[in-house]
Amino acid sequence: MANTEQLLKKNLNQLSSKFNLEYFIVNMKEISNMFEFEQQRLYALLSNSELEYLEQLKIYKNKVQWVSGRYVVKQAFFKYKLSSKSLIDLSCIDVVKGQNSEPYILQYPNVNVSITHSYPYCIGIVSEKNIGIDLEKINAPEDSLIKFFFSEREKEILIDINDSNQYNIKSINLWTRKEAVSKLLKLGMKMNFKKLDVIDDELICNGVIKLFTYVCNDFSLTLAIDS
Ligand SMILES: CC(C)(COP(=O)(O)OP(=O)(O)OC[C@H]1O[C@@H](n2cnc3c(N)ncnc32)[C@H](O)[C@@H]1OP(=O)(O)O)[C@@H](O)C(=O)NCCC(=O)NCCS
């Protein structure tokens with residue numbers, strides 16, 4: 001059986017060639033190792049203001065998660081620029097947060113960026129089109145998540161599933177779809193998740209948003225993209 005990282009890459013490669021987007025995936029254990037043994041190499045990718053921000057973070061887990069997000073976006077952006085034959089010094093770009101905490105590249109605000117972390121993986125995507133990505137470990141969802149954040153139609157579909165494994169897969173798939181759309185729309189938690197019905201693979205919302213969901217062993221991956 002293919003490992004999770006291979007499956008994630010296989011599906012992301014398909015999306016990459018279909019939509020001309022670039023992605024980068026890292027195992028956060030590697031970032032943790034770099035913190036311990038190759039700090040110089042890791043820090044060389046960060047701008048001065050990113051290094052200052054990192055300094056302020058006190059909890060080690062938050063440092064690893066935050067650096068992983070900057071790392072994957074920068075590596076994906078490197079690939080993105082390389083495809084048009086330009087090379088870029090990654091310490092000269094800043095991956096910052098907007099009004100609703102949406103990520104973007106300060107020096108390239110027109111390039112769309114999305115980040116997801118689900119231990120141990122972190123994925124960054126860079127694209128000309130508006131995008132949102134979400135990765136979640138497949139577990140039994142809290143009943144309150146379904147009750148407060150799922151639409152009536154979604155609940156009706158879930159109620160008919162008797163097998164608990166299939167129920168978990170379907171509910172977490174729906175949840176990554178909602179999160180991916182909320183990221184594409186840059187709303188994050190401001191999104192009205194209950195109103196957002198994500199059963200169909202195309203949503204009409206200021207244009208058409210296409211949804212692609214994959215089960216990669218015990219992870220659910222969704223990409224939302226403006227088409
Ligand atoms: C932040 C949120 C967009 C996604 O969070 P998440 O799925 O838990 O975490 P992910 O790792 O997949 O995504 C985090 C990334 O989303 C991005 N993000 C945050 N706000 C965003 C927004 N408004 N628009 C687009 N992207 C956003 C950030 O880049 C962040 O990574 P960073 O902090 O390294 O920059 C938001 O929808 C959220 O907090 N969801 C959790 C909701 C929840 O747990 N509810 C429980 C109810 S019981």
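**A sheet and its surroundings**

Reply: Let's start with strand β1, residues 22-27: five of its six residues are buried, so β1 is largely enclosed by the rest of the structure. Buried means under 20% relative accessible area, exposed means over 50%, and partly exposed is in between, with a 1.4 Å probe and protein chains only. Strands (E, at least two residues) and helices (H or I, at least four residues) are DSSP runs, numbered from the N terminus.

Before going on, please keep in mind that this is a predicted model, in which local features need pLDDT of at least 70 and side-chain atom pairs count only at pLDDT 80 or more, while totals for chains, interfaces and linings use all residues. Residues are numbered from 1 along each chain as its sequence is written, and side-chain values use heavy atoms, with hydrogens and water left out.

Now to the partners of β1. It belongs to an open sheet of three strands in the order β1-β5-β4, with antiparallel pairing. Two strands pair if DSSP finds at least two bridges between them. The edge strands are β1 and β4 (112-118), and each of these pairs on one side only. On average, neighbouring strands of this sheet are turned by 10 degrees against each other, direction ignored. For such angles, axes are lines fitted to C-alpha atoms (for helices, over the stretch in contact), and the angles run from 0 to 180 degrees between N-to-C directions.

You can follow the pairing residue by residue. β1 and β5 (residues 121-127) are joined in the antiparallel sense over six bridges, and Phe24 stands opposite Gly124 of β5. β4 and β5 pair over seven bridges, also in the antiparallel sense. Here Ile115 stands opposite Gly124, and Ser114 has Ile125 as its bridge partner in β5. A hairpin is formed by β4 and β5, with two residues between them. As for β4, six of its seven residues are buried, so β4 too is largely enclosed by the rest of the structure.

Next come the helices around the sheet. Helix α1 (residues 4-19) lies across β1 and β5 and runs at about 170 degrees to β1. Helix α5 packs on the sheet as well, touching β1, β4 and β5, and its direction makes about 145 degrees with that of β1. Contact, by the way, means heavy atoms within 4.5 Å.

α5 has a helix partner, too. Two packed helices are described by the angle between their axes and the distance between the axes. Helix α2 (residues 28-37) packs against α5 (residues 60-82) at an angle of about 110 degrees, with the axes 10 Å apart. That makes α2 roughly perpendicular to α5; angles of 65 to 115 degrees count as roughly perpendicular, under 35 as roughly parallel, over 145 as roughly antiparallel and the rest as oblique. Met28, Ile31, Ser32, Met34 and Phe35 make the contact from α2, and Tyr60, Lys63, Val64, Gln65, Val67, Ser68 and Tyr71 make it from α5. By class, eight of the residues in this contact are nonpolar, three are polar and one is charged. Ala, Val, Leu, Ile, Met, Phe, Trp, Tyr, Cys and Pro count as nonpolar, Asp, Glu, Lys and Arg as charged, and the others, Gly among them, as polar.

Finally, let's step back. The domain assignment gives domain 1 (22-128) and domain 2 (135-226); such bounds come from an automatic or database domain assignment. The C-alpha centres of the two domains lie 26 Å apart, and 13 residues of domain 1 are in contact with 10 residues of domain 2.

β8 (residues 208-216) and β9 (residues 219-226) pair in the antiparallel sense over eight bridges, and Cys216 stands opposite Phe219 in β9.
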